[in-house]
Amino acid sequence: MAQIASLSHVFQIPSEIIEHALTLCHPHDVASFSQTCRQARRLVYGSPDQYLWRQLFLLFPFDDPRQIPSPFQEDGEFNWRKELRRRMKAQLIACRASSTLEDLLTAIETFISVVRSAAPVTCGHERVSSPNLLWVVEVLQSTNMLRSPSLVSGESSQSLARLRAYLALTLDEYDEYDVEGKERLKSIRTRSRCQVYDLRNYHQGNDWGPFNITTRKVDWTHIESIINVVSMNLSDHPYDWPDTRPRYGLEATRAYSAPGTTALATGDWAGIEGHWRRYVCFMDYRDLFAFNYGNRGRGQQDSTYFDTPNFEEAARLIELNLMLIDAQAVPEVYILDRFPDSPYKHYPNLYFTGSSWGIQGNEATVVGSVAMSEGGVVRWRFASITNSQIQWSSEGVQVGGIASAFGVIGTWTGIHHDHGDPVGPFWLYKVEDDHPIYMQALINN
């Protein structure tokens with residue numbers, strides 16, 4: 001009776017003031033309040049304008065979805081209550097020690113959605129972090145969810161690989177005394193190398209790139225593996241070009257987070273024009289051949305091959321300067337297939353050319369195209385041309401939103417895709433115009 005009497009006193013206060021007071025509470029407390037009586041439930045769930053839930057969402061805080069342009073959010077009116085409750089459920093799943101694999105994968109899908117709906121970087125606010133991304137990192141760090149036995153022992157899923165690709169090993173760092181962490185990264189590296197250098201994973205059906213042969217959609221397991229291989233190769237050489245490293249982690253996935261892309265030139269929606277850096281990795285051809293064809297009798301590649309003391313994997317830096325061209329200006333020597341016409345009127349297919357400089361200062365011409373594909377995924381396709389001869393083709397995916405600082409992750413291979421052609425991963429990312437120059441400077445020395 002005392003509780004009923006106290007509630008009756010509460011509802012003598014104007015409902016607008018009660019609503020405002022509730023916006024200062026945690027969503028779980030608001031849900032608990034709604035269960036106290038019918039009047040409380042009507043106040044929390046019965047308002048058609050969702051004012052209370054909108055305020056709870058924005059004050060949590062999360063990024064305002066109204067600031068996110070297409071194709072980053074789905075069409076239709078945003079359901080503040082439904083989305084907030086979905087995120088709170090994901091957090092509860094992450095916190096539980098005994099969540100099922102199905103629940104964990106549902107939570108991961110939610111985290112991916114939150115990452116993809118982070119507000120784009122805007123001019124003058126380049127250093128302002130996204131509340132969406134801060135929340136995802138805080139939940140994953142505090143709960144250690146991604147190391148759940150159910151996820152570690154289960155089959156790899158595309159959603160888990162996509163989230164891990166966005167994170168780029170930022171939650172897998174360890175210190176010199178962490179033996180378990182060191183072994184975990186070693187296992188990740190071996191698994192990733194097996195994925196990246198297995199020639200069976202490259203086929204005309206997936207454009208010889210990081211795509212699923214059947215669906216032709218992005219293979220996030222392959223993308224994650226490429227990121228792991230390149231980043232760990234770079235960590236092996238901390239003194240080689242130390243001020244030339246790609247940005248990674250969730251903040252780097254935000255749209256227009258790449259240098260100079262918050263004020264793009266008209267028509268350059270992908271932020272192509274400007275200076276870029278590209279790391280390419282590769283195995284010695286004899287090692288690549290031995291890994292792929294040395295165990296034909298067993299029908300599978302031997303992952304212990306990478307543990308042999310003589311195994312080496314190289315990483316090379318390439319510097320590029322790109323500019324847009326008309327589709328009609330693409331040279332005849334460029335024989336790669338063109339992307340289908342874009343269904344997005346604001347994101348037409350773009351074509352580019354430019355120069356690249358690699359080891360020993362050798363210069364090549366780069367020609368390629370960029371397209372917005374299904375689901376808002378930006379694809380890159382380009383070729384390297386030396387002495388009027390096309391040599392290498394590359395297929396990649398922009399990780400995160402349009403013009404993300406994270407850049408483009410993909411694979412390179414021989415232009416004719418002959419049997420036994422070499423293959424390797426690459427990481428391409430945009431830099432400031434005054435970024436340090438190493439390769440191009442070799443020409444002048």
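This is a predicted model: local features need pLDDT of at least 70, side-chain atom pairs count only at pLDDT 80 or more; totals for chains, interfaces and linings use all residues.
Q: What makes Cys281 buried or exposed, and what about Cys123?
A: Buried means under 20% relative accessible area, and exposed means over 50%. Cys281 comes in at 0%, so buried is the word for that residue. Cys123 has 55%, so Cys123 counts as exposed.

Q: How do you know that the buried residues of α4 sit on the same side or on opposite sides of the helix?
A: Start with the residues themselves: in helix α4 (residues 38-45), the buried ones are Ala40, Leu43 and Val44. They cover an arc of only 95° around the axis, so they share the same side of α4. The face turned away from that buried side carries the exposed residues Arg38 and Arg42. As for partners, the buried residues of α4 pack against α2 (15-22), α3 (27-34) and α5 (51-59).

Q: What makes the buried residues of α3 line a face of the helix?
A: The buried residues here are Pro27, Val30, Phe33 and Ser34. Looking down the axis of α3, they fall within an arc of 115°, so they line one face. Those buried residues pack against α2, α4, α5 and α6.

Q: Which residues have the most contacts inside the largest nonpolar core?
A: Phe111, Met145, Leu146 and Ile223 do, in a core of 81 residues. Take Ile223: leaving out residues up to four places away in sequence, Ile223 touches Ala165, Pro210, Val218, Val397, Val399 and Ile409. There is also a second, separate core of 25 residues, which includes Tyr256, Met372, Trp380 and Leu428.

Q: How many aromatic pairs are there, and why is the one between Phe57 and Phe78 called edge-to-face or stacked?
A: The structure holds 23 aromatic pairs. For Phe57 and Phe78 the ring centres are 5.5 Å apart and the planes meet at 75°, so the pair is edge-to-face; the cut-offs are centres within 6.5 Å and planes over 60 degrees apart. This pair links distant parts of the chain, with Phe57 in helix α5 and Phe78 in the loop between α5 and α6 (80-95), 21 residues apart. Phe57 is at 0% relative accessible area, so Phe57 is buried, while Phe78, at 25%, counts as partly exposed.

Q: What makes the pair of Phe406 and Trp427 stacked?
A: The planes of Phe406 and Trp427 are 15° apart, with 5.2 Å from centre to centre; stacked asks for planes under 30 degrees apart. Phe406 sits in the loop between β6 (389-398) and β7 (408-414), and Trp427 is in strand β8 (residues 423-431), so to speak distant parts of the chain, 21 residues apart. Phe406 has a relative accessible area of 0%, so Phe406 is buried.
A: The cluster is made of Phe57, Phe60, Phe62, Phe78, Trp80, Phe111 and Trp135.

Q: How do you know that the charged end of Arg278 sits over the ring of Phe426?
A: The distance from the charged end of Arg278 to the centre of the Phe426 ring is 4.5 Å, and the cut-off is 6 Å, along with a limit of 35 degrees from the ring normal. Arg381 does likewise over the ring of Phe339, at 4.3 Å from its centre.

Q: What is the phi of Asn144, and what is that of Leu169?
A: Most residues other than glycine have a negative phi. Asn144 is not a glycine, yet has a positive phi of about 60°. Leu169 has a positive value too, near 65°. Asn144 lies in the loop between α8 (131-143) and α9 (149-153), and at 41% relative accessible area Asn144 is partly exposed. Leu169 is in the loop between α10 (158-167) and α11 (179-196); with 11% relative accessibility, Leu169 counts as buried.

Q: Is the peptide bond from Phe60 to Pro61 cis or trans?
A: That bond is cis, with omega near 10°. Pro61 lies in the loop between α5 and α6.

Definitions and conventions: Residues are numbered from 1 along each chain as its sequence is written. Side-chain values use heavy atoms; hydrogens and water are left out. Buried means under 20% relative accessible area, exposed over 50%, partly exposed in between (1.4 Å probe, protein chains only). A nonpolar core is a set of buried Ala, Val, Leu, Ile, Met, Phe, Trp, Tyr and Cys residues joined through side-chain atoms within 4.5 Å. Contact means heavy atoms within 4.5 Å. Helices (H or I, at least four residues) and strands (E, at least two) are DSSP runs, numbered from the N terminus. The arc is that of the directions from the helix axis to the C-beta atoms. Rings of Phe, Tyr and Trp (its six-membered ring) pair if their centres lie within 6.5 Å; planes under 30 degrees apart count as stacked, over 60 as edge-to-face and the rest as tilted.
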